[in-house]
Amino acid sequence: MSITIRNIRTIYTAPEGINLVVIKVETSEPELYGLGCATFAYRHLAVGAVVEEYLRPLLVGQDVSNIDQLWQMMHYNAYWRNGPISNNAISGVDMALWDIKGKLAKMPVYQLFGGRLREGIPIYRHAEGRDLDELCDRIEEYRAQGVTHIRCQCGGYGGEYGSAPASAPHGAPDGVYLNAEQYIRNTVELFSSLRQRLGDDLQFVHDVHSRIQPIDAIRLAKLLEPAHLMYLEDPVSTEQTDWLRQLRRQTSTPIAQGELFNNPAEWKPLITEQLIDYIRCHISQLGGITPARKLQIFASQFGVRTAWHGPGDMSPVAHAANIHLDLAAENFGIQEWSGTQPPNFIIQELRGPKDALMEVFPGALREDNGYVYPSDRPGLGVELDEEAAKKFPCEAAVTTWTRTRRADGALQAP
(Lines give C-alpha, C1' and ligand atoms only; values in the text may rest on other atoms or scores of the structure.)
Protein backbone atom coordinates (compact mmCIF):
# COMPACT_ATOMS: atom_id res chain seq x y z
CA MET A 1 0.00 0.00 0.00
CA SER A 2 1.42 3.39 -0.99
CA ILE A 3 2.15 6.20 1.43
CA THR A 4 0.32 9.35 0.45
CA ILE A 5 0.38 13.07 1.26
CA ARG A 6 -2.12 13.77 4.03
CA ASN A 7 -1.48 17.49 4.55
CA ILE A 8 0.96 20.29 3.66
CA ARG A 9 1.58 23.11 6.12
CA THR A 10 3.49 26.38 5.89
CA ILE A 11 5.52 27.48 8.91
CA TYR A 12 6.90 31.01 9.15
CA THR A 13 9.68 31.93 11.55
CA ALA A 14 12.42 34.56 11.90
CA PRO A 15 14.83 33.56 14.70
CA GLU A 16 17.51 35.93 13.37
CA GLY A 17 15.18 38.64 12.10
CA ILE A 18 15.20 37.12 8.60
CA ASN A 19 11.90 35.75 7.31
CA LEU A 20 12.13 31.98 6.77
CA VAL A 21 9.49 29.73 5.22
CA VAL A 22 9.49 26.00 5.99
CA ILE A 23 7.07 23.53 4.45
CA LYS A 24 5.98 20.44 6.36
CA VAL A 25 4.58 17.58 4.29
CA GLU A 26 2.61 15.15 6.47
CA THR A 27 1.85 11.65 5.25
CA SER A 28 -0.68 8.87 5.73
CA GLU A 29 1.86 7.35 8.14
CA PRO A 30 1.18 9.48 11.26
CA GLU A 31 4.83 9.75 12.39
CA LEU A 32 6.32 10.23 8.92
CA TYR A 33 6.79 13.75 7.58
CA GLY A 34 9.31 15.81 5.66
CA LEU A 35 10.63 19.38 5.87
CA GLY A 36 11.59 21.64 3.00
CA CYS A 37 12.70 25.24 2.55
CA ALA A 38 10.52 27.66 0.57
CA THR A 39 12.17 30.86 1.80
CA PHE A 40 11.66 33.97 -0.31
CA ALA A 41 12.34 36.37 2.54
CA TYR A 42 10.86 39.44 0.84
CA ARG A 43 7.68 37.76 -0.48
CA HIS A 44 7.13 35.08 2.16
CA LEU A 45 3.37 35.51 2.38
CA ALA A 46 2.98 35.12 -1.39
CA VAL A 47 4.92 31.84 -1.31
CA GLY A 48 2.78 30.60 1.57
CA ALA A 49 -0.39 31.43 -0.34
CA VAL A 50 0.75 29.34 -3.33
CA VAL A 51 1.52 26.39 -1.07
CA GLU A 52 -1.67 26.58 0.99
CA GLU A 53 -4.17 27.55 -1.70
CA TYR A 54 -2.85 25.72 -4.76
CA LEU A 55 -0.20 23.08 -4.08
CA ARG A 56 -1.90 21.49 -1.09
CA PRO A 57 -5.21 20.77 -2.89
CA LEU A 58 -3.22 19.56 -5.90
CA LEU A 59 -1.08 17.11 -3.95
CA VAL A 60 -3.12 15.73 -1.05
CA GLY A 61 -3.66 12.02 -1.70
CA GLN A 62 -0.66 11.68 -4.04
CA ASP A 63 1.99 8.97 -3.56
CA VAL A 64 5.04 10.50 -1.83
CA SER A 65 7.44 8.20 -3.67
CA ASN A 66 6.93 9.82 -7.09
CA ILE A 67 9.08 12.89 -6.51
CA ASP A 68 9.88 13.72 -10.13
CA GLN A 69 6.28 13.22 -11.25
CA LEU A 70 5.00 15.47 -8.45
CA TRP A 71 7.60 18.12 -9.29
CA GLN A 72 6.42 18.15 -12.91
CA MET A 73 2.80 18.35 -11.75
CA MET A 74 3.52 21.37 -9.55
CA HIS A 75 5.65 23.01 -12.23
CA TYR A 76 3.11 22.77 -15.05
CA ASN A 77 -0.11 23.12 -13.06
CA ALA A 78 -0.27 26.94 -13.17
CA TYR A 79 0.68 26.98 -16.88
CA TRP A 80 2.94 30.05 -16.42
CA ARG A 81 6.10 28.91 -14.71
CA ASN A 82 9.74 29.56 -13.73
CA GLY A 83 9.10 32.44 -11.35
CA PRO A 84 10.63 32.88 -7.88
CA ILE A 85 7.34 32.72 -5.96
CA SER A 86 6.11 29.51 -7.60
CA ASN A 87 9.58 27.94 -7.65
CA ASN A 88 10.13 28.55 -3.94
CA ALA A 89 6.71 27.09 -3.16
CA ILE A 90 7.55 24.00 -5.24
CA SER A 91 10.94 23.79 -3.53
CA GLY A 92 9.40 23.54 -0.08
CA VAL A 93 7.39 20.49 -1.11
CA ASP A 94 10.21 18.97 -3.18
CA MET A 95 12.80 19.13 -0.38
CA ALA A 96 10.26 17.69 2.04
CA LEU A 97 9.61 14.76 -0.31
CA TRP A 98 13.35 14.02 -0.49
CA ASP A 99 13.45 14.22 3.31
CA ILE A 100 10.66 11.65 3.44
CA LYS A 101 12.37 9.45 0.83
CA GLY A 102 15.54 9.37 2.93
CA LYS A 103 13.60 8.55 6.08
CA LEU A 104 11.82 5.68 4.31
CA ALA A 105 15.14 4.34 3.03
CA LYS A 106 16.74 4.93 6.45
CA MET A 107 19.52 6.82 4.67
CA PRO A 108 20.73 10.42 4.48
CA VAL A 109 19.66 12.04 1.22
CA TYR A 110 23.18 12.11 -0.27
CA GLN A 111 23.18 8.31 -0.25
CA LEU A 112 20.20 8.40 -2.61
CA PHE A 113 22.44 10.26 -5.09
CA GLY A 114 25.02 7.47 -5.08
CA GLY A 115 26.89 8.24 -1.88
CA ARG A 116 29.57 10.70 -0.94
CA LEU A 117 32.53 11.73 -3.06
CA ARG A 118 34.18 13.67 -0.22
CA GLU A 119 34.12 13.52 3.55
CA GLY A 120 33.51 17.20 4.29
CA ILE A 121 32.46 20.27 2.34
CA PRO A 122 34.94 23.17 2.16
CA ILE A 123 33.18 26.50 2.63
CA TYR A 124 33.77 30.18 2.22
CA ARG A 125 32.61 32.73 4.77
CA HIS A 126 31.78 36.44 4.42
CA ALA A 127 34.22 38.99 5.78
CA GLU A 128 32.97 42.57 5.92
CA GLY A 129 34.69 45.66 7.27
CA ARG A 130 34.30 49.41 7.30
CA ASP A 131 37.97 49.72 6.37
CA LEU A 132 40.98 47.55 5.55
CA ASP A 133 42.05 47.08 9.16
CA GLU A 134 38.63 45.90 10.28
CA LEU A 135 38.35 43.60 7.28
CA CYS A 136 41.78 42.05 7.95
CA ASP A 137 40.84 41.46 11.58
CA ARG A 138 37.75 39.58 10.47
CA ILE A 139 39.72 37.54 7.94
CA GLU A 140 42.24 36.58 10.60
CA GLU A 141 39.40 35.44 12.86
CA TYR A 142 38.23 33.11 10.11
CA ARG A 143 41.75 31.91 9.37
CA ALA A 144 42.15 31.01 13.05
CA GLN A 145 38.98 28.91 12.71
CA GLY A 146 40.46 27.03 9.76
CA VAL A 147 38.55 28.89 7.04
CA THR A 148 40.80 29.55 4.03
CA HIS A 149 38.20 30.68 1.46
CA ILE A 150 36.76 34.10 2.24
CA ARG A 151 34.49 36.55 0.46
CA CYS A 152 35.79 40.07 1.06
CA GLN A 153 33.71 43.25 0.95
CA CYS A 154 34.25 46.77 2.28
CA GLY A 155 31.09 48.83 2.62
CA GLY A 156 28.76 46.03 1.59
CA TYR A 157 28.15 45.99 -2.17
CA GLY A 158 29.39 49.51 -2.80
CA GLY A 159 26.91 51.50 -0.73
CA GLU A 160 24.35 51.48 2.06
CA TYR A 161 20.72 52.57 2.13
CA GLY A 162 20.26 56.17 3.21
CA SER A 163 19.39 59.69 2.15
CA ALA A 164 20.25 60.91 -1.32
CA PRO A 165 23.78 62.39 -1.39
CA ALA A 166 24.37 66.08 -1.96
CA SER A 167 25.59 65.28 -5.49
CA ALA A 168 22.19 63.82 -6.49
CA PRO A 169 19.57 65.94 -8.30
CA HIS A 170 17.15 68.00 -6.22
CA GLY A 171 14.29 65.82 -5.03
CA ALA A 172 16.12 62.54 -5.62
CA PRO A 173 14.65 59.73 -3.47
CA ASP A 174 16.42 57.77 -0.74
CA GLY A 175 18.28 54.63 -1.74
CA VAL A 176 21.63 52.88 -2.05
CA TYR A 177 23.61 55.33 -4.17
CA LEU A 178 26.55 53.91 -6.08
CA ASN A 179 29.62 55.54 -7.58
CA ALA A 180 30.95 52.93 -10.01
CA GLU A 181 34.32 54.57 -10.58
CA GLN A 182 35.01 54.90 -6.88
CA TYR A 183 33.82 51.35 -6.25
CA ILE A 184 36.17 49.95 -8.90
CA ARG A 185 39.16 51.92 -7.60
CA ASN A 186 38.46 50.95 -4.00
CA THR A 187 37.97 47.28 -4.82
CA VAL A 188 41.18 46.96 -6.83
CA GLU A 189 43.13 48.75 -4.09
CA LEU A 190 41.45 46.58 -1.45
CA PHE A 191 42.58 43.28 -2.95
CA SER A 192 46.05 44.57 -3.71
CA SER A 193 46.38 45.52 -0.03
CA LEU A 194 44.94 42.20 1.14
CA ARG A 195 47.52 40.27 -0.84
CA GLN A 196 50.34 42.46 0.47
CA ARG A 197 49.23 42.00 4.07
CA LEU A 198 48.01 38.42 4.07
CA GLY A 199 49.99 36.70 1.32
CA ASP A 200 48.83 34.19 -1.26
CA ASP A 201 47.64 31.28 0.89
CA LEU A 202 44.03 32.44 1.24
CA GLN A 203 41.42 32.09 -1.51
CA PHE A 204 39.43 35.30 -2.00
CA VAL A 205 35.98 35.85 -3.51
CA HIS A 206 34.36 39.19 -4.28
CA ASP A 207 30.67 39.84 -5.00
CA VAL A 208 29.87 42.59 -7.50
CA HIS A 209 26.17 41.85 -7.00
CA SER A 210 25.60 43.02 -10.60
CA ARG A 211 25.57 46.64 -9.43
CA ILE A 212 27.77 48.14 -12.12
CA GLN A 213 27.46 48.32 -15.89
CA PRO A 214 28.78 45.34 -17.88
CA ILE A 215 31.62 47.29 -19.48
CA ASP A 216 32.73 48.39 -16.01
CA ALA A 217 32.54 44.78 -14.81
CA ILE A 218 34.92 43.77 -17.61
CA ARG A 219 37.35 46.47 -16.57
CA LEU A 220 37.11 45.44 -12.92
CA ALA A 221 37.72 41.76 -13.73
CA LYS A 222 40.84 42.66 -15.73
CA LEU A 223 42.20 44.94 -13.02
CA LEU A 224 41.68 42.20 -10.39
CA GLU A 225 43.78 39.61 -12.25
CA PRO A 226 46.90 40.21 -10.09
CA ALA A 227 44.86 39.35 -6.98
CA HIS A 228 44.07 35.89 -8.52
CA LEU A 229 40.59 35.62 -7.01
CA MET A 230 38.94 32.26 -6.65
CA TYR A 231 36.12 33.93 -8.55
CA LEU A 232 34.30 37.20 -9.17
CA GLU A 233 30.66 36.74 -8.28
CA ASP A 234 27.70 37.96 -10.36
CA PRO A 235 29.62 40.58 -12.36
CA VAL A 236 26.58 41.28 -14.56
CA SER A 237 22.84 41.23 -13.99
CA THR A 238 20.62 38.33 -15.04
CA GLU A 239 19.24 40.52 -17.83
CA GLN A 240 22.72 41.20 -19.26
CA THR A 241 24.44 37.81 -19.27
CA ASP A 242 25.14 38.15 -23.03
CA TRP A 243 28.01 40.39 -21.92
CA LEU A 244 29.73 37.36 -20.37
CA ARG A 245 30.94 36.39 -23.86
CA GLN A 246 32.92 39.61 -24.05
CA LEU A 247 34.08 39.33 -20.46
CA ARG A 248 35.36 35.78 -21.07
CA ARG A 249 37.45 36.90 -24.02
CA GLN A 250 39.14 39.69 -22.10
CA THR A 251 40.02 38.36 -18.65
CA SER A 252 41.40 35.30 -16.88
CA THR A 253 39.55 36.12 -13.63
CA PRO A 254 37.22 33.16 -12.90
CA ILE A 255 33.52 34.00 -13.01
CA ALA A 256 30.56 32.77 -10.94
CA GLN A 257 27.00 33.61 -11.94
CA GLY A 258 23.45 32.56 -11.20
CA GLU A 259 22.19 33.76 -7.81
CA LEU A 260 18.95 35.08 -9.34
CA PHE A 261 18.36 32.37 -11.95
CA ASN A 262 14.91 30.73 -12.11
CA ASN A 263 14.79 29.30 -15.60
CA PRO A 264 16.98 26.75 -17.44
CA ALA A 265 17.12 29.12 -20.40
CA GLU A 266 19.18 31.47 -18.22
CA TRP A 267 21.97 29.01 -17.47
CA LYS A 268 22.10 26.68 -20.49
CA PRO A 269 24.11 28.97 -22.81
CA LEU A 270 26.46 30.05 -20.04
CA ILE A 271 27.31 26.43 -19.28
CA THR A 272 27.41 25.00 -22.81
CA GLU A 273 29.58 27.88 -24.05
CA GLN A 274 31.71 27.63 -20.88
CA LEU A 275 31.28 31.34 -20.18
CA ILE A 276 31.36 30.80 -16.42
CA ASP A 277 33.50 28.73 -14.08
CA TYR A 278 30.97 28.31 -11.25
CA ILE A 279 27.19 28.05 -11.24
CA ARG A 280 25.87 29.47 -7.99
CA CYS A 281 22.11 29.21 -8.03
CA HIS A 282 19.84 29.45 -5.00
CA ILE A 283 18.33 25.98 -4.99
CA SER A 284 14.90 26.94 -3.65
CA GLN A 285 14.74 29.58 -6.40
CA LEU A 286 15.14 26.71 -8.90
CA GLY A 287 12.36 24.66 -7.36
CA GLY A 288 14.31 22.50 -4.90
CA ILE A 289 16.61 19.49 -4.90
CA THR A 290 15.15 17.82 -8.01
CA PRO A 291 16.07 20.57 -10.53
CA ALA A 292 19.30 21.45 -8.68
CA ARG A 293 20.57 17.88 -8.99
CA LYS A 294 19.79 17.91 -12.72
CA LEU A 295 21.58 21.25 -13.12
CA GLN A 296 24.63 19.97 -11.24
CA ILE A 297 24.92 16.92 -13.49
CA PHE A 298 24.40 19.03 -16.62
CA ALA A 299 27.13 21.50 -15.56
CA SER A 300 29.56 18.66 -14.87
CA GLN A 301 29.52 17.73 -18.57
CA PHE A 302 31.06 21.11 -19.41
CA GLY A 303 33.57 21.48 -16.58
CA VAL A 304 31.49 24.08 -14.72
CA ARG A 305 31.66 23.66 -10.94
CA THR A 306 28.98 24.27 -8.33
CA ALA A 307 29.01 27.02 -5.72
CA TRP A 308 25.42 26.98 -4.47
CA HIS A 309 24.12 30.18 -2.92
CA GLY A 310 24.21 29.86 0.87
CA PRO A 311 23.10 33.16 2.45
CA GLY A 312 21.42 33.96 5.75
CA ASP A 313 18.02 34.27 4.08
CA MET A 314 17.60 30.52 3.73
CA SER A 315 16.71 28.09 6.46
CA PRO A 316 19.02 25.41 7.92
CA VAL A 317 16.89 22.90 5.98
CA ALA A 318 18.10 24.47 2.72
CA HIS A 319 21.69 24.70 4.00
CA ALA A 320 21.50 20.96 4.65
CA ALA A 321 20.11 20.35 1.15
CA ASN A 322 23.12 22.22 -0.29
CA ILE A 323 25.49 19.99 1.65
CA HIS A 324 23.78 16.77 0.55
CA LEU A 325 24.05 17.89 -3.10
CA ASP A 326 27.70 18.88 -2.61
CA LEU A 327 28.70 15.52 -1.15
CA ALA A 328 27.65 13.62 -4.26
CA ALA A 329 28.67 16.18 -6.91
CA GLU A 330 31.61 15.28 -9.14
CA ASN A 331 31.92 18.95 -10.12
CA PHE A 332 31.64 20.47 -6.64
CA GLY A 333 33.61 23.70 -6.35
CA ILE A 334 32.96 25.51 -3.07
CA GLN A 335 30.02 26.13 -0.74
CA GLU A 336 29.01 29.59 0.41
CA TRP A 337 28.23 29.34 4.12
CA SER A 338 26.41 31.96 6.11
CA GLY A 339 26.07 29.17 8.56
CA THR A 340 24.20 28.61 11.78
CA GLN A 341 26.51 30.67 13.99
CA PRO A 342 25.14 34.24 13.98
CA PRO A 343 25.32 36.90 12.78
CA ASN A 344 24.73 35.45 9.34
CA PHE A 345 23.51 38.33 7.26
CA ILE A 346 25.50 41.54 6.83
CA ILE A 347 22.52 43.71 5.90
CA GLN A 348 20.27 42.90 8.83
CA GLU A 349 20.66 43.22 12.58
CA LEU A 350 20.35 40.08 14.68
CA ARG A 351 17.09 39.83 16.64
CA GLY A 352 16.48 37.36 19.41
CA PRO A 353 18.94 35.29 21.44
CA LYS A 354 22.24 34.23 19.92
CA ASP A 355 21.30 30.55 19.78
CA ALA A 356 17.74 31.09 18.49
CA LEU A 357 18.37 29.47 15.11
CA MET A 358 19.62 26.27 16.71
CA GLU A 359 16.65 26.29 19.09
CA VAL A 360 14.18 26.45 16.22
CA PHE A 361 16.11 24.01 13.98
CA PRO A 362 17.58 21.15 16.02
CA GLY A 363 20.19 19.28 14.01
CA ALA A 364 21.23 22.32 11.95
CA LEU A 365 24.70 21.72 10.53
CA ARG A 366 27.77 23.58 11.81
CA GLU A 367 31.19 24.23 10.38
CA ASP A 368 34.38 22.76 11.81
CA ASN A 369 37.84 23.93 10.77
CA GLY A 370 36.72 25.24 7.38
CA TYR A 371 34.44 22.30 6.52
CA VAL A 372 30.79 21.41 7.01
CA TYR A 373 30.09 17.76 7.66
CA PRO A 374 26.85 15.97 6.83
CA SER A 375 24.42 14.50 9.25
CA ASP A 376 24.06 10.76 8.91
CA ARG A 377 20.48 10.90 10.16
CA PRO A 378 17.91 9.69 7.61
CA GLY A 379 16.61 12.33 5.24
CA LEU A 380 18.02 15.85 5.36
CA GLY A 381 18.76 15.49 9.06
CA VAL A 382 17.32 18.81 10.27
CA GLU A 383 14.24 19.12 12.47
CA LEU A 384 11.91 22.01 13.34
CA ASP A 385 10.63 22.89 16.81
CA GLU A 386 7.28 24.46 15.97
CA GLU A 387 6.73 25.88 19.44
CA ALA A 388 10.13 27.58 19.34
CA ALA A 389 9.39 28.85 15.82
CA LYS A 390 6.28 30.66 17.09
CA LYS A 391 8.43 32.79 19.39
CA PHE A 392 10.04 34.49 16.40
CA PRO A 393 7.31 35.75 14.04
CA CYS A 394 8.06 37.07 10.58
CA GLU A 395 7.58 40.71 9.62
CA ALA A 396 5.95 41.86 6.40
CA ALA A 397 8.19 44.94 6.09
CA VAL A 398 9.02 46.67 2.82
CA THR A 399 12.56 45.89 1.66
CA THR A 400 14.94 48.84 1.33
CA TRP A 401 18.37 47.36 0.51
CA THR A 402 17.31 46.54 -3.05
CA ARG A 403 16.66 50.21 -3.90
CA THR A 404 20.02 50.62 -5.60
CA ARG A 405 20.47 53.87 -7.50
CA ARG A 406 22.94 55.46 -9.87
CA ALA A 407 24.41 58.88 -9.17
CA ASP A 408 21.44 60.61 -10.83
CA GLY A 409 18.89 58.70 -8.74
CA ALA A 410 17.79 56.25 -11.44
CA LEU A 411 17.26 52.70 -10.21
CA GLN A 412 19.95 50.09 -10.86
CA ALA A 413 19.53 46.31 -10.66
CA PRO A 414 20.68 45.18 -7.18
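Biologist: Where in the fold is Asn322 found?
Modeller: Asn322 is found in helix H12, residues 316–327. Helices here are DSSP runs of H or I with at least four residues, strands are runs of E with at least two, and both are numbered from the N terminus. This is a predicted model, in which local features need pLDDT of at least 70 and side-chain atom pairs count only at pLDDT 80 or more, while totals for chains, interfaces and linings use all residues. Residues are numbered from 1 along each chain as its sequence is written, and side-chain values use heavy atoms, leaving out hydrogens and water.

Biologist: Why is Asn322 called buried?
Modeller: Buried means under 20% relative accessible area, exposed means over 50%, and partly exposed is in between (1.4 Å probe, protein chains only). Asn322 has 1%, so the residue counts as buried. Beyond its neighbours within four places in sequence, its contacts (heavy atoms within 4.5 Å) include Trp308, His309 and Gln335.

Biologist: What makes strand E4 largely enclosed?
Modeller: Of the 9 residues in E4 (residues 121–129), 7 are buried, so the rest of the structure largely encloses this strand.

Biologist: Which way do E4 and E5 run, parallel or antiparallel?
Modeller: They run parallel, and 6 bridges join E4 to E5, residues 149–154. Two strands pair if DSSP finds at least two bridges between them, so E4 and E5 qualify with 6.

Biologist: What does the side chain of Arg151 meet in a salt bridge?
Modeller: Its partner is Asp207, at 3.2 Å from N to O. A salt bridge needs a side-chain nitrogen of Lys or Arg within 4 Å of a carboxyl oxygen of Asp or Glu, so 3.2 Å meets the rule. Arg151 sits in E5 and Asp207 in strand E7 (residues 203–207), so the pair ties together parts 56 residues apart in sequence. Both Arg151 and Asp207 are buried.

Biologist: Why does Glu273 count as partly exposed?
Modeller: Its relative accessibility is 37%, so Glu273 falls in that class. Glu273 forms a salt bridge with Arg245, with the closest N and O atoms 2.9 Å apart. Arg245 is also partly exposed, at 26%.

Biologist: How many disulfides does the rule give?
Modeller: The count comes to 0. The nearest cysteine sulfur to that of Cys37 belongs to Cys394, 11 Å away. A disulfide is a pair of cysteine sulfur atoms within 2.5 Å, so 11 Å is too far for a bond. Cys37 is buried, with a relative accessible area of 0%.
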